[in-house]
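Subject: Structure handover

Hello,

Here is the structure I promised to pass on. Please open it next to this email and follow along.

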Amino acid sequence: MHLAVFGGTFDPPHNGHLALCLFARELLEIDRMIISVSNNPFKQNREAGDFHRKHMAELLSSEINRVGSCCEVSGWELEKQQPSYTVDLLRYLNARYPSDRLTLLVGEDSFREFSSWKEYEQLFLLCGIVVFRRSSKEMDGLPRPPSNIQNWREAIRFIDFAYLVSSTEVRELAGAGKSISRLVPASVHRYINRHALYR
Ligand code: ATP
């Protein structure tokens, strides 16, 4: 089984997350996809609480499962009630699904911070890494795997994916009372309205 993990704060989930997951599932032939809602130690100014973020991630997962069931949400990182780290999540998933091939899906923005992640060198040993890039031209400034990884171009796969939407933009538009309906899945939009989030 090919197991992929896609982590984020999902504050809120948006159509970029949805498109990335659907694209990845088809392109990479993923059998099981885990959306992991995190307490990102680099993002301290979250605006929606853990409960809401997890619920919205479940709505995202339902949208993905509308066309082929493979996705589930993990709250494992949230349950730790402390800053969570990808390396710990990957170790947990490797222990839970020992016979699966594990791939980490990550956007270029997050990948640029990779070398500051806890035990980042271990990540290359624990899973395959697929980076969704805004532009295939600029390789400058992208983190490189440690030198004991012989061929880093094989350790990481880069996929072009230019879809300029972010949770920050959604929060800012909602906060300014502007429409976000084109940026988030309909179910997430309804949830944000119902709970008056980001106002
Ligand atoms: P924020 O604006 O609050 O920083 P975000 O839009 O980056 O949030 P996250 O939940 O932090 O959303 O992201 C989860 C993952 O999705 C990360 O790997 C991030 O790089 C990736 N990602 C988010 N938006 C996009 C996008 N438009 N294209 C490609 N990857 C994305």
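Which residue just after H8 takes a positive phi? Gly-177 does, with a phi of about 75 degrees.

Some ground rules come next. This is a predicted model, in which local features need pLDDT of at least 70, side-chain atom pairs count only at pLDDT 80 or more, and totals for chains, interfaces and linings use all residues. Residues are numbered from 1 along each chain as its sequence is written, and side-chain values use heavy atoms, with hydrogens and water left out. Helices (H or I, at least four residues) and strands (E, at least two) are DSSP runs, numbered from the N terminus.

**Helix H8**

H8 covers residues 167-175. Four of its residues are buried: Ser-167, Val-170, Arg-171 and Ala-174. Buried means under 20% relative accessible area, exposed means over 50%, and partly exposed is in between (1.4 Å probe, protein chains only). Why do these residues share a side of H8? They cover an arc of only 95 degrees around the axis, which puts them on the same side. The arc is that of the directions from the helix axis to the C-beta atoms. H1 is included in what covers the buried residues of H8.

Two packed helices are described by the angle between their axes and the distance between the axes. Axes are lines fitted to C-alpha atoms, for helices over the stretch in contact, and angles run from 0 to 180 degrees between N-to-C directions.

H1 spans residues 15-28, and H2 spans residues 50-65. Their axes come within 10 Å and cross at roughly 40 degrees. That makes H1 oblique to H2.

From H1, the residues in contact (heavy atoms within 4.5 Å) are His-17, Leu-18, Cys-21, Leu-22 and Arg-25. They meet Leu-60, Glu-63 and Ile-64 in H2. By class, this contact has five nonpolar, one polar and two charged residues. Ala, Val, Leu, Ile, Met, Phe, Trp, Tyr, Cys and Pro count as nonpolar, Asp, Glu, Lys and Arg as charged, and the others, Gly among them, as polar.

Look at Leu-22 in H1. Leu-22 counts as partly exposed, at 25% relative accessibility. Not counting residues up to four places away in sequence, Leu-22 touches Ile-64 and Val-67. Leu-22 and Val-67 are 45 residues apart in sequence, and their C-alpha atoms are 8.9 Å apart in space.

**H2 against H9**

The axes of H2 and H9 are 8 Å apart, at an angle of about 155 degrees. The two helices are therefore roughly antiparallel. H2 passes H9 in a right-handed crossing.

Which residues of H9 are buried? They are Ser-187, Val-188, Tyr-191 and Ile-192.

Ser-187 has a relative accessible area of 11%. Beyond four places in sequence, Ser-187 touches Leu-59 and Glu-63. Just after H9, Ala-196 takes a positive phi of about 50 degrees.

Best wishes

Key:
Parallel < 35°, antiparallel > 145°, perpendicular 65-115°, else oblique. Left-handed = near helix turned anticlockwise from the far one by under 90°.
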